[in-house]
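Here is a predicted model, taken up through questions and answers about its terms.

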Amino acid sequence: KDFISQNAEVVALLNMKFQVDPITPILLLFLAFFLAMAIGAILGYVLTHLSLRLTETYLAVFFLCVAETIRIFGENYIPLAGGPQGVLLPNFFISLGDYSTIFQSIIFIIIAIIVFLTYEKIARSPFGRLMKAVRENELAAQCAGKDTKQIKLKIMSFTSAVSAIAGILVGLRMRSVVAATFNRVDYSFWPWLMAMLGGFGNNPGCLLGAFICVVIRRIIYWSKFYLAFLPIDIMW
C-alpha cells in the first residue's frame, strides 16, 4: 500500500501492528531520528556553505527565504509529505494504552534535557570558547590561525541536525505532518522572540524565554473570552 495515497488505511494497519509489537515502532523511531539528523546536517552544511560570505542580517534573510522555499515545496510536492493535505502518522506508543501520551511527554522532556546538557557541555568546552571568539570578533579569530569557515559549517550542521529532532517531535505530538503548519510565525518569529527574551548566547535564558512565551500564550488562549473588553481583536 502507498503511504501517501492510502494514508489513513496504512496508518490504521500500522497502529494495529504497533499495538501487539512494541519493538518495531521503537526501531522505526530510532531510524527516523537518524535519517532526520543526517538530512538536517547535510542541508545545514550545504546551505551554510552557500551563505558563508553573508553578514548576520543578510544571513537571517537568506535562511528565512530558504525555509519558505522548503515549506512551499513541501506543500506542493505530494510525494514528500502529502502536499497541502499532509499525512497522518501512527501512534508509536499505542502499545502502552492510556499511558501512551504520558510516556511520549516523558520522552520529549528527556530529549529536551539531553539537548540542553549537550549544548551546555559544548559551550563550556574549548570548541565552545572558540565559537564565542568567532562570534565576538571573527577577524581576530582568523588572525589567530582559526579556520572560521569550517567552524561555521560544523556549527550549522550540528544545529540543523538538532532542529531535525525538533521536527520529529512536532510530528509525533501532532501525529501528522503538514507542511503548511511550519509557518514563519510559529517556527521562526516565536523562537526568535524566545531567544531574545532569554538573551542571545544564554542557554538557560532560552529555556526561560520559551517558558515565558508559552505561558503567556496559553493564558491568553484560555482567557480570551474574558478579554473581550480590549480595543483589539484578541484572536490576533
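Q: What makes up the secondary structure of the protein?
A: The protein has 10 helices and 2 strands. Helices (H or I, at least four residues) and strands (E, at least two) are DSSP runs, numbered from the N terminus. The model is predicted, so local features need pLDDT of at least 70 and side-chain atom pairs pLDDT 80 or more, while totals for chains, interfaces and linings use all residues. Residues are numbered from 1 along each chain, and side-chain values use heavy atoms, without hydrogens and water.

Q: Why is H5 called roughly antiparallel to H10?
A: Helix H5 (residues 100–123) and helix H10 (residues 203–222) pack at about 150°. Angles run from 0 to 180 degrees between N-to-C directions, with axes fitted to C-alpha atoms, for helices over the stretch in contact. Over 145 degrees counts as roughly antiparallel. Therefore H5 is roughly antiparallel to H10.

Q: Which residues make the contact of H5 with H10?
A: Phe 116, Tyr 119, Glu 120 and Ala 123 of H5 meet Asn 203, Pro 204 and Leu 207 of H10. Contact means heavy atoms within 4.5 Å.

Q: What share of the protein counts as buried?
A: Of the 236 residues, 28% count as buried. Buried means under 20% relative accessible area, with a 1.4 Å probe and protein chains only.

Definitions and conventions:
Parallel < 35°, antiparallel > 145°, perpendicular 65-115°, else oblique. Buried < 20%, exposed > 50% of the residue type's maximum accessible area, 1.4 Å probe, protein only.
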